[in-house]
Amino acid sequence: MGTSSKKKNIVIFASGSGSNAQRLLEQFADHPRIQISALFSNNPDAFALQRAQNYGVPTAVFDRATLKAGEVQAQVEAYEPDLIVLAGFLWLLPAAFVQAFPNKIINIHPSLLPKFGGKGMHGQHVHQAVLDAQEVETGITIHYVNEHYDEGAPIYQERCPVQPDDTCETLAARVLTLEHQHLPRIVEELLTADACQPETPAA
Ligand code: GRF
């Protein structure tokens with residue numbers, strides 16, 4: 001195995017469809033410095049697993065017991081991740097897991113946190129709450145992950161309007177488009193920000 005140009009490793013966690021995971025798989029499929037090393041899911045039926053397999057990316061399915069016992073942490077550590085991306089991952093990670101990867105776990109959330117975050121605030125629940133509150137704008141938040149739902153330090157937010165005739169579905173589609181536009185870019189920026197100093201000078 002070569003040591004001179006080791007790629008940065010991303011591990012994705014996803015629970016469902018995985019359309020954000022798909023964007024990451026596309027973005028880094030032939031990237032010179034970054035690769036998707038694995039996709040983990042708590043849901044054996046998650047379409048995200050199929051998406052990863054389509055790209056030849058290893059997948060793993062786990063349950064609460066193995067997550068709590070630290071087995072998932074050990075499996076993830078084996079990939080030496082530079083970044084762990086929660087892309088539609090619905091469980092809270094144990095504190096020990098979070099502490100094992102300081103500043104290396106990020107999440108994408110479909111609202112302008114701290115608004116409309118926390119336990120139970122996922123998927124359509126978020127967008128319905130935005131409509132119920134008669135917000136005039138919503139958006140996305142990419143943030144670091146800590147031991148609490150949706151409370152880690154924000155990295156990036158992008159806004160979009162809430163239209164008067166929006167339904168949950170139209171709003172969800174607008175926000176998801178924003179996620180797809182920005183998540184791969186922010187992930188790439190995070191992984192290349194400190195990557196400009198080669199260890200050995202180019203020949
Ligand atoms: C996205 O809205 C994301 O913000 C949230 O879960 C949804 C996942 O969608 N955390 P997908 O599985 O990536 O299609």
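What is the relative accessible area of Leu-83, and is this residue buried or exposed? In this predicted model, Leu-83 has a relative accessible area of 3%, so the residue is buried.

**View 1. The ligand is surrounded by nine named residues, listed here from Ser-17 to Glu-179.** The shell around the ligand is made of Ser-17, Gly-18, Ser-19, Asn-20, Gly-88, Ile-108, His-109, Pro-110 and Glu-179. When these residues are sorted by class, the shell has 2 nonpolar, 6 polar and 1 charged residues. Two elements, α1 (19-27) and β5 (105-109), each supply at least two residues of this shell. The space that the ligand takes is the largest pocket.

**View 2. Arg-51 is a buried residue of helix α2.** The helix α2 is formed by residues 47-54, and Arg-51 lies in this helix. The relative accessibility of Arg-51 is 13%, and therefore this residue counts as buried. Arg-51 and Ser-17 are 34 residues apart in sequence, while their C-alpha atoms are 8.8 Å apart in space. Ser-17 is also one of the residues that surround the ligand.

**View 3. Phe-62 is found in the loop between β3 and α3.** The strand β3 covers residues 59-61 and the helix α3 covers residues 64-68, with Phe-62 in the loop between them. Phe-62 has a relative accessible area of 6%, so it is buried. Leu-25 lies 37 residues away from Phe-62 along the chain, and the C-alpha atoms of the two residues are separated by 21 Å.

**View 4. Asn-103 has a positive phi although the residue is not a glycine.** The phi angle of Asn-103 is near 60°. Asn-103 is placed in the loop between α5 (95-100) and β5. Because exposed means over 50% relative accessible area, Asn-103 counts as exposed at 61% relative accessibility.

**View 5. The loop between β5 and α6 contains Pro-114 and Phe-116.** The helix α6 covers residues 124-132, and Pro-114 lies in the loop that comes between β5 and this helix. The peptide bond from Leu-113 to Pro-114 is cis, and its omega is near 10°. Phe-116, in the loop between β5 and α6, has a positive phi of about 60° even though it is not a glycine. With a relative accessible area of 18%, Phe-116 is buried.

**View 6. Pro-154 is an exposed residue of strand β7.** Residues 154-161 form the strand β7, in which Pro-154 lies. The relative accessibility of Pro-154 is 62%, so this residue counts as exposed. Pro-154 and Arg-33 are 121 residues apart in sequence, and from C-alpha to C-alpha they are 25 Å apart in space.

Conventions: Residues numbered from 1 in each chain as written. Predicted model: local features only at pLDDT ≥ 70, side-chain atom pairs only at ≥ 80, totals over all residues. Heavy atoms only, no water. Near = heavy atom within 4 Å. 1 Å grid on protein atoms, 1.4 Å probe; cavity = no way out; pocket = protein on both sides within 12 Å on 5 of 7 lines; lining within 4 Å. Sits in = over half its atoms within 2 Å of the grid points. Helix = DSSP H or I, 4+ residues; strand = E, 2+ residues; numbered from the N terminus. Nonpolar A, V, L, I, M, F, W, Y, C, P; charged D, E, K, R; others polar. Buried < 20%, exposed > 50% of the residue type's maximum accessible area, 1.4 Å probe, protein only.
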